[in-house]
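Visitor: Could you walk me through the charged side-chain pairs of this model?
Guide: Gladly, let us look at it together.

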Amino acid sequence: MRWVIRFHMDKAASDLQQRVLTLISRGVAEAMANEEFDRLAREVFAFQYERCGVYRAYCDRRKQTPQMVRHWKEIPATPTSAFNDFALTCFPVEQAVAEFHTSGTTREQSGKHFLATLELYHAAISPNFSAHLLPDFARLPMMILTPSPEDAPHSSLSHMMGAVMQEFGADDSAYYVEGGQLVLEKLVHDLCEAQWAHQPVFLLGTAFAFVHLFDHCAKEKLTFELAEGSRVM
């Protein structure tokens, strides 16, 4: 049996999260007034300044505290390198329900991002993904050029791909990266089948994965003419 420690937010944290969730639930079509966003962003900043000692020290050193910041654009952004050396959280890190790592391409040690809840993460994915990539509400086979969430449990991207596949993908959606390698033979086979069946598909992946696919297609002199309604992310 796998036990997960649940983080019990206090009222201040819970109220702030609910306000952000309410904002997200309005969807992308409803424009948000600059004043409303500025007020909420600075409240989030004040909360994080109070709860995260490392971030507070960074802000103090820059002389950009909640009392000094007058607009959200003045809120100090944390350098990505800080996530390599510190657990930047507003809660006890041992209560995290998810731990995402950076790719570690610039330093040997990966940065880590701990989440006490995935509620905000999931709420932010769906409305934007749907509005910008599936405005026609199509439910397509997703051909995902990343590892699955099970194969890459610390990848935020893989987690996102799993969430959108579950919510928006057709039943025959699949992943095409195994053991860190793009499974080109299977991908090409499935692209051919989709082309012959005039089945629209949804290709999703990193730019680097598409480079490998394009290089392979150029080497093998392969081209595809996918059905109308196909799309790429």
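Here follow a few questions and answers on salt bridges in this predicted model.

Visitor: How many salt bridges does the structure hold?
Guide: Side chains of opposite charge can pair when their charged atoms come close. Counting such pairs within 4 Å, nitrogen to carboxyl oxygen, the structure's number of salt bridges is 10.

Visitor: Is Glu30 buried or partly exposed?
Guide: Glu30 meets Arg26 in a salt bridge, at 3.4 Å from N to O. Buried would need under 20% and exposed over 50%. Glu30 has a relative accessible area of 45%, so Glu30 is partly exposed.

Visitor: Which strand holds the partner of Lys112?
Guide: The side chain of Lys112 forms a salt bridge with Glu99, 4.0 Å from N to O. This pair links distant parts of the chain, 13 residues apart. Lys112 lies in strand S2 (residues 112-115), while Glu99 belongs to strand S1.

Visitor: What is the relative accessible area of Glu99?
Guide: Lys112, across the salt bridge, is partly exposed at 34%. Glu99 is partly exposed too, and its relative accessible area is 24%.

Visitor: Which helix holds both Asp190 and Lys186?
Guide: The closest N and O atoms of this salt bridge are 3.2 Å apart. The two residues are 4 apart in the chain, about one turn of the helix. Both lie within residues 184-196, which is helix H7.

Technical notes
Residues are numbered from 1 along each chain as its sequence is written. This is a predicted model: local features need pLDDT of at least 70, side-chain atom pairs count only at pLDDT 80 or more; totals for chains, interfaces and linings use all residues. Side-chain values use heavy atoms; hydrogens and water are left out. Buried means under 20% relative accessible area, exposed over 50%, partly exposed in between (1.4 Å probe, protein chains only).
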